[in-house]
Amino acid sequence: MAIDQTTDRRVYSADDPIIEIRNAAVTYDEGRSYVLDHVSLELERGEILGVVGESGSGKSMLASSLLDAVPSPGHLTGEITYRPDGEAPINLLELEKADRRSLRWEDISMVFQGAMNSFNPTLDLRTHFEETLRAHDADIKKGLGRAEELLEDLYLEPDRILDSYPHELSGGMQQRALIALSLVLDPDVLVMDEPTAALDLLMQRSILLLLSDLQEKYNLTMVFITHDLPLVAALADRMAIMYAFRLVEIGDTRDIVENAAHPYTRALLNSTPNLDAPLSEMQPIDGQSPAPINMPTGCAYHPRCPLATEECRTEVPDYHEVETDHGSACYHWQASYDEVPLLHENSPGDTTGGVDE
Amino acid sequence: MSDNPLISLEDIEVHFTNENLLNFDEPETVHAVDGVSLDIEENDIVSLVGESGCGKTTLGKTAIGLQRPTGGSVTYRGEDIWAVRDGTATTETEWEDIRTSLQIIHQDPGASLNPNRRIVSILSEPLRQVNPELSRSEKRSRIYSLLERVGMNPPQDFAERYPHQLSGGEQQRVALCRALLMNPDVILADEAISALDVSLRVEMMDLMLDLQDEFDTSYIFISHDLSNARYFSGHGGGKIGVMYLGELVEVGPAEDMINDPQHPYTNVLRWATPDLALRGTGEPPMRKIDVPDPVDPPSGCRFHTRCPKATEACRQETPSDYQHGEQTVACFREDENHEYWDSPELTD
């Protein structure tokens, strides 16, 4: 069942990778089934990568793998290399416990879904920041200064926020405070797993704008994991699409949105309500995504794919190079353009949006 | 708008007061809904959109009689439902009948289905109430045919499962079936698709729209996502209402609201809705990110603290409703002669 997606490295390689993932796989039953199925990926220094997948597609596993934080008893294999600027590369999976502990948050930091659950309800925000700084032996006074600056960057009033308890803040404020907390130790990489899913759209969009400001100001590399493709399309430089625990397509955001070369990505784009697509044309994807214990043979998407052939049913497809830096794990990517036409392409591109009838 | 709406909300006001026994300070009053009037017709779809805490759920619950308003009136087919409830109405309409006609689907289907009961038993309950004369096998066959109708095949298999054995989408369909079996006139769908994967949302909305024709029901659809509201209302020929801090700031036919939004706040929501055209996202068309405290809402137009178009006049005076085509808009910009135009711009 395991496949090797490394043959054509060109499609996912970066010029100056800050993290290299090779054949990362997570199993909970000693290799009989995978919840992250041999994913290879390189993260470019200073880029924002959007990872898109439905519930149960393995996207959170990919996020946890980046910090070697797969929940027990999951077993992570493969190679994950972190390359700090101007220093020797570090193999994440072979680190001593103490080194791994300091690497997390100081070098690679993570924001989880649902800010409410990440805070201790009995401590005020200042204590959260102080504890974090103390645990990593950082200068508390300097750290708090940085915290105040970060909070201001996120349009929060530092004094008010630091003296508040989590429940005194709105969901949007909590989530922003959590982003500030995750950046207080000046990490290079920020991994965010559905950081805005519990918030309303307006707040999600505002946070996305702030994130792109932060990325520029602090020169961060970001991984943004979500099920909402259009949302992250506005932020990400590159996008990676996951289906059934595998990476099925990767490329520049514009290439993915306008020139998607995997039937699943195209179906996903067509199933998303969009103010610009004509009203009559949105289509759900038939069928369901598979469970890890019941993975179809060959390409996991073949039972739902209109292009599936015998080949798809037996052999897991490798990446096919669509263009430079744009790969699709599909035998029939060329045919997918005609077979699964993109609906949003036909709509007028002006701000008044698509007009129905 | 017909003369005889199914449900008519008039000048609804819902205030929640925090009465703390140990707190001798002035009690705090949250203005959840303030002065909202709205009609829901037969076979209508009204989508309510707005940010978290704007009062859209409270208004929805008020419309179906789950929340007693502190001011204004809710009428169902011309009857004041709270007068019927209190027994002060002079008609023969029963409170039970009204309650049966107004149903709800909640946001989290996992939490709204009893985990200890099989699907068949969950769905028998509404049938038992509405059609007590049905035999056991008649009930079963109705449940099976409805399960089949919502795409849960084979129904005999699904009927014997417990809620946790269903996916989120399937659970939500069961919740929809449960509401439909009451033969309701109105279903309040409170963020009913928000917990589903993006790719499943269209499917669920299509199903709800198909069933609307068969069951002759209206929907009040609550969402924070303008594109879902547009899809749902647009297909059913319905309206979209935009709420801000307890007030309805703009309401109109779905396509008009999307293509020609009049209120600056509707425009903000339109900006916030992601699109695939990837055109420059730019700065948000508002001055502040966070919503003011509903305990102490801003004076005048409540949006003036964030509105990019606000002037001094907006701070002082509350805009009334203006008609713009089929849209109703609460903004001075609709009135060419208003002093708004000569008033200094707010910039803080």
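Pro154(B) is found in the loop between α6 (136-149) and α7 (155-159) of chain B; helices (H or I, at least four residues) and strands (E, at least two) are DSSP runs, numbered from the N terminus. A cis peptide bond with omega of about -10° joins Asn153(B) to Pro154(B). This is a predicted model, in which local features need pLDDT of at least 70, side-chain atom pairs count only at pLDDT 80 or more, and totals for chains, interfaces and linings use all residues. Residues are numbered from 1 along each chain as its sequence is written, while chains are lettered from A and ligands numbered from 1 in the order in which they are written.

**Backbone geometry**
- Most residues other than glycine have a negative phi, and most peptide bonds are trans.
- Ser72(A) and Pro73(A) are joined by a cis peptide bond, with omega about 5°; Pro73(A) is placed in the loop between α1 (59-66) and β4 (75-82) of chain A.
- Trp105(A), in helix α2 (residues 97-106) of chain A, has a positive phi near 80°.
- Trp105(A) is buried, with 21 other C-beta atoms within 10 Å (buried means 20 or more such atoms within 10 Å, exposed 12 or fewer, partly exposed in between, with C-beta atoms placed from the backbone).
- Ala244(A), in the loop between β9 (238-243) and β10 (246-252) of chain A, has a positive phi near 50° and counts as buried, with 23 C-beta neighbours inside 10 Å.
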